[in-house]
Amino acid sequence: MSASGNSDSGNPSNTIPGISLRVSTSPQARAKRRIATLMEEVELLKQDKATKQRKPTYYVSQGRAIRRLVALYTPIEDLIAENDRRCEYEDVTSSVSTVECLIMHRQDRLQRSYIELVKALPWIHDKIASLDDDESEDMLRKLKRGADSACGDDMGTLKELMASWVNIEFHPIPLISTTNKHHRGFVNDICGKLLCPAEWCWGDPVVRAGIRDCMTAFIVSENSWPLFMYQNCAADAGNLEHGLMKSKLLVMGLKALFTSPSSANKMDGEGQGTDIIENNRRARRQDQAKVKTCMRFALSSITSWRNIDGDFDYEIFWNNIVDFFEDAPGPAARARVNELLEWWTR
């Protein structure tokens with residue numbers, strides 16, 4: 001019996017069930033420690049919530065630059081996909097058909113926009129690489145939300161300002177309403193003149209009637225430059241490039257969107273883009289394309305933003321403006337474009 005008892009007491013694994021090994025401490029001390037632990041957990045939860053809230057706000061705010069500086073219509077996913085395609089495959093530029101040339105032209109436009117995207121958001125490449133698919137899609141959705149929101153704000157700004165500028169510059173009777181667009185467009189003599197293709201004379205009653213009645217001979221499409229884009233809103237029928245893109249209204253629109261609405265009134269129409277263009281004194285082509293497209297919409301009678309207005313396609317119009325600057329056909333045309341950009345930044 002004694003031998004067995006001595007053996008059991010010497011074995012640490014043989015403990016008496018139901019007896020705790022706790023060491024008694026003060027109840028007040030334990031309560032304080034529990035409270036401190038809970039407070040730490042609450043702080044961590046607050047920090048986590050704040051971080052989650054900051055990320056959407058950050059991405060949305062960063063996305064506001066996309067429609068202005070990168071591309072007005074093209075989804076970000078298409079730009080990224082085009083750059084990925086170029087990284088994975090060699091472009092074949094010899095012996096291509098006309099259709100293939102058109103495809104390559106579109107691909108070049110996408111790639112140029114991707115380069116602008118990286119300039120505007122230099123962190124985006126590394127960020128996408130560090131996120132999983134769901135996180136990446138969520139980030140792109142927030143960037144798009146910011147881009148669309150900024151575009152809507154710009155449209156609203158120019159909708160009101162354009163009416164005021166036209167009223168001041170052209171003194172229409174009655175004055176154009178800053179809030180109601182139903183009396184703009186071709187039904188209005190002043191807006192109709194500014195929207196009229198440069199190769200036609202709005203003063204000709206046959207032209208006015210043909211445009212207003214949507215006659216086949218007077219279809220207004222995105223392939224003509226409207227008169228509001230010309231210096232003094234007047235075009236030379238013998239040289240339709242003379243004075244193009246030098247409109248005072250365009251300069252005012254660019255200043256209104258890229259500095260402030262009030263700054264648009266502090267200019268004389270002679271260039272004066274220095275304070276709103278990049279420090280390298282080179283005008284962004286996308287900036288000007290965005291402003292011209294928004295101003296065309298502001299002069300029209302459509303009340304909500306959409307791609308198609310009758311026979312006029314705004315997306316193709318935007319692409320035509322970008323191509324005018326970025327895809328000039330030959331050295332002479334390129335020299336004229338560079339001269340125009342110097343005019344904008346002098």
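Buried here means under 20% relative accessible area. The model shown in these views is predicted.

**View 1. Ser247 in the loop between H9 and helix H10 (248-258).** Ser247 has a relative accessibility of 1% and therefore counts as buried. Its side chain reaches the backbone nitrogen of Leu249 at 3.1 Å. Leaving out residues up to four places away in sequence, Ser247 touches Phe228, Met229, Tyr230 and Gln231.

**View 2. The buried face of helix H9 (residues 205-212).** Val207, Gly210 and Ile211 are the buried residues of this helix. Seen down the axis of H9, they fall within an arc of 95 degrees, so they line one face of the helix.

View 3. Just after the helix, Cys214 has a positive phi of about 55 degrees.

**View 4. The largest nonpolar core, with 79 residues.** The members that touch the most other members are Leu117, Leu143, Trp165, Trp225, Met229, Met245 and Met295. Helix H7 (residues 133-170) supplies the largest share of this core, 12 residues. In soluble globular proteins, nonpolar side chains tend to be buried together.

Methods. Residues numbered from 1 in each chain as written. Predicted model: local features only at pLDDT ≥ 70, side-chain atom pairs only at ≥ 80, totals over all residues. Heavy atoms only, no water. Buried < 20%, exposed > 50% of the residue type's maximum accessible area, 1.4 Å probe, protein only. Helix = DSSP H or I, 4+ residues; strand = E, 2+ residues; numbered from the N terminus. Arc of directions from axis to C-beta. Core = buried A, V, L, I, M, F, W, Y, C linked by side-chain atoms within 4.5 Å. Polar contact = N/O pair within 3.5 Å; in protein donor to acceptor, adjacent residues only side chain to side chain. Contact = heavy atoms within 4.5 Å.
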